[in-house]
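The entries follow in the order in which I made them.

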Amino acid sequence: MLELNYKTFGQGDPLIILHGLFGTLDNWQALGKKLAEHYTVYLVDQRNHGRSPHDEAHTYTAMAEDLHHFMESHWIFKAHILGHSMGGKTAMAFARIYPDMVDKLIVVDIAPKAYAGGHEDIFKGLQSLDLSAIDSRGEAEDMLKAQIKSLGIRQFLLKNLTRSKAGDYRWKMNLDALWNHYADILDALPGQHPPFEGPTLFVRGGRSDYIQDSDLPDLEAHFPNYQLKTIDKAGHWVHAEAPKALLEALESFLEA
């Protein structure tokens, strides 16, 4: 287990937010500050991301143990847990391993199943970038264009680029560990734990295919006390594409 980097805002019942693959806690800062009007919000960098430590292991069991250690070390005995994408799977794994530590569970645009992939071009683009030859962030973006067509995705990924005190560029994330464990990131939830019986909200983007109607029996098998909210105008990045609608859905669920 690792000592995770975090930011905290607000006061009230604790709410912990976990970002997705290639993300950082900053991706959720705007929404986190809104939620902090009613909750003590903890935004956490997961292992191998942001300013949290790097480690060769990157499995959902390891990330769930990181979260357990984080809560215990901050004297948090029970919390609402929210996770997006990879962070959603970490949240689901944690809720099934440590159900007594989860008040309400919120999973944004990910199901418990295994996924086929789709980030290979991103990995290829990032791995092909010669950081020693880069003099500016704009130069890095130009080099990524061949592999990664979307400007929004390039800008999101380049938030991971930072400069050392010596002035050279490096990745905040542990790119090698993420690539080596990409199959683990895509994998289904570990199956040896019982269902989580507590209140659970799945939020999906109406323009995303990450949670399909055919997945609903799987959601019910793992999380029998679940409800599903679809935010029509959003894709996978619900918090970036429809923050107001997502905030309303979260507040409605948490306050019920």
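I took the lining of the largest cavity by class and noted four nonpolar, two polar and two charged residues. For the classes I counted Ala, Val, Leu, Ile, Met, Phe, Trp, Tyr, Cys and Pro as nonpolar, Asp, Glu, Lys and Arg as charged, and the others, Gly among them, as polar. The model is predicted, with local features needing pLDDT of at least 70 and side-chain atom pairs pLDDT 80 or more, while totals for chains, interfaces and linings use all residues. Residues are numbered from 1 along each chain as its sequence is written, and side-chain values use heavy atoms, without hydrogens and water.

My search of the whole structure gave one cavity of 30 Å³ or more. On a 1 Å grid over the protein atoms alone, a cavity is a set of points where a 1.4 Å probe fits but cannot get out; a pocket is an open set with protein on both sides within 12 Å along at least five of seven lines; lining residues have an atom within 4 Å of a point. Points are joined across faces, edges and corners, and a volume is the space filled by probe spheres set on them. The largest cavity came to about 40 Å³. I listed its lining as Leu4, Leu18, Gln46, Arg47, Met63, Asp66, Leu67 and Thr90. Helix H2 (residues 60-73) gives the most to this lining, three residues. Helices (H or I, at least four residues) are DSSP runs, numbered from the N terminus.

The largest pocket holds about 550 Å³. I found 35 residues in its lining, with Ser85, His119, Tyr210, His236 and Trp237 nearest its centre. H6 supplies the largest share of that lining, three residues. By class the lining of the largest pocket has 16 nonpolar, 12 polar and seven charged residues.

The second largest pocket holds about 410 Å³. Of its 18 lining residues, I noted Asn27, Lys159, Trp237, His239 and Ala240 as closest to its centre.

Leaving aside neighbours within four places in sequence, I found Ile16 in contact (heavy atoms within 4.5 Å) with residues including Tyr42, Leu67, Phe70 and Ile81.

Methods. Helix = DSSP H or I, 4+ residues; strand = E, 2+ residues; numbered from the N terminus.
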